[in-house]
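These are my notes on a structure that is new to me. I set out to look up its pocket and the packing of its helices.

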Amino acid sequence: MKSLKRIAVTAFAVAALGAGAASIAAAQDAPQGNATNGKRIFLADGCFTCHGRSGQGGAYNGPAPILAHTALPFDGFKGQLRNPSDDMPAYSDAVLSDKDIADIYAFVQTLPGPSSAKDIAILNN
């Protein structure tokens, strides 16, 4: 019984370490982007129309997700731009290069994500 428990604990630890390493690897796989140029593209191409000027999300033509400090790995972000779900238009390589997408990704990573409810004073009274 103790050996079965030890195997289960070891398997859990290996799985947890693997998941942590995968998220670190995903962050490291994002190409270097220029956040200043990303902001310019984000505004010029109208991304803000649905996702908000601060990447806060919105409901222009249905719910648009929050992009500020996204947890989505770069490959997922790029995939959504190239082959979007819902009403988002597709951005082919002729419209947005991979470098442009990396710049936009760098920009949205600089935006503060949503605040926690405990950071809002009125909700803590």
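Before reading any packing angle, I noted that axes are lines fitted to C-alpha atoms, for helices over the stretch in contact, and that angles run from 0 to 180 degrees between N-to-C directions. I also noted that the model is predicted.

Entry 1, H4 and H5. I looked up how H4 packs on helix H5, which spans residues 98–110. The angle is about 120 degrees, and the axes lie 10 Å apart. Angles of 65 to 115 degrees count as roughly perpendicular, and I therefore recorded H4 as oblique to H5. The crossing of H4 past H5 is right-handed. On the H4 side, I listed Phe-74, Phe-77, Lys-78, Leu-81 and Arg-82 as making the contact. On the H5 side, I listed Asp-98, Ile-101, Ala-102, Ile-104, Tyr-105 and Val-108.

I then turned to helix H2, residues 35–44, whose axis comes within 7 Å of that of H5. I noted 7 nonpolar, 3 polar and 3 charged residues in the contact of H2 with H5.

I found about 530 Å³ of space in the largest pocket. Its lining has 25 residues, and I marked Cys-50, His-51, Ala-64, Pro-65 and Met-88 as the closest to the centre. Helix H3 (47–51) and helix H4 (74–82) each supply at least two lining residues. I recorded the lining as 15 nonpolar, 7 polar and 3 charged residues.

How values were computed
Residues numbered from 1 in each chain as written. Predicted model: local features only at pLDDT ≥ 70, side-chain atom pairs only at ≥ 80, totals over all residues. Heavy atoms only, no water. 1 Å grid on protein atoms, 1.4 Å probe; cavity = no way out; pocket = protein on both sides within 12 Å on 5 of 7 lines; lining within 4 Å. Points joined across faces, edges and corners; volume = space filled by probe spheres on them. Helix = DSSP H or I, 4+ residues; strand = E, 2+ residues; numbered from the N terminus. Nonpolar A, V, L, I, M, F, W, Y, C, P; charged D, E, K, R; others polar. Parallel < 35°, antiparallel > 145°, perpendicular 65-115°, else oblique. Left-handed = near helix turned anticlockwise from the far one by under 90°. Contact = heavy atoms within 4.5 Å.
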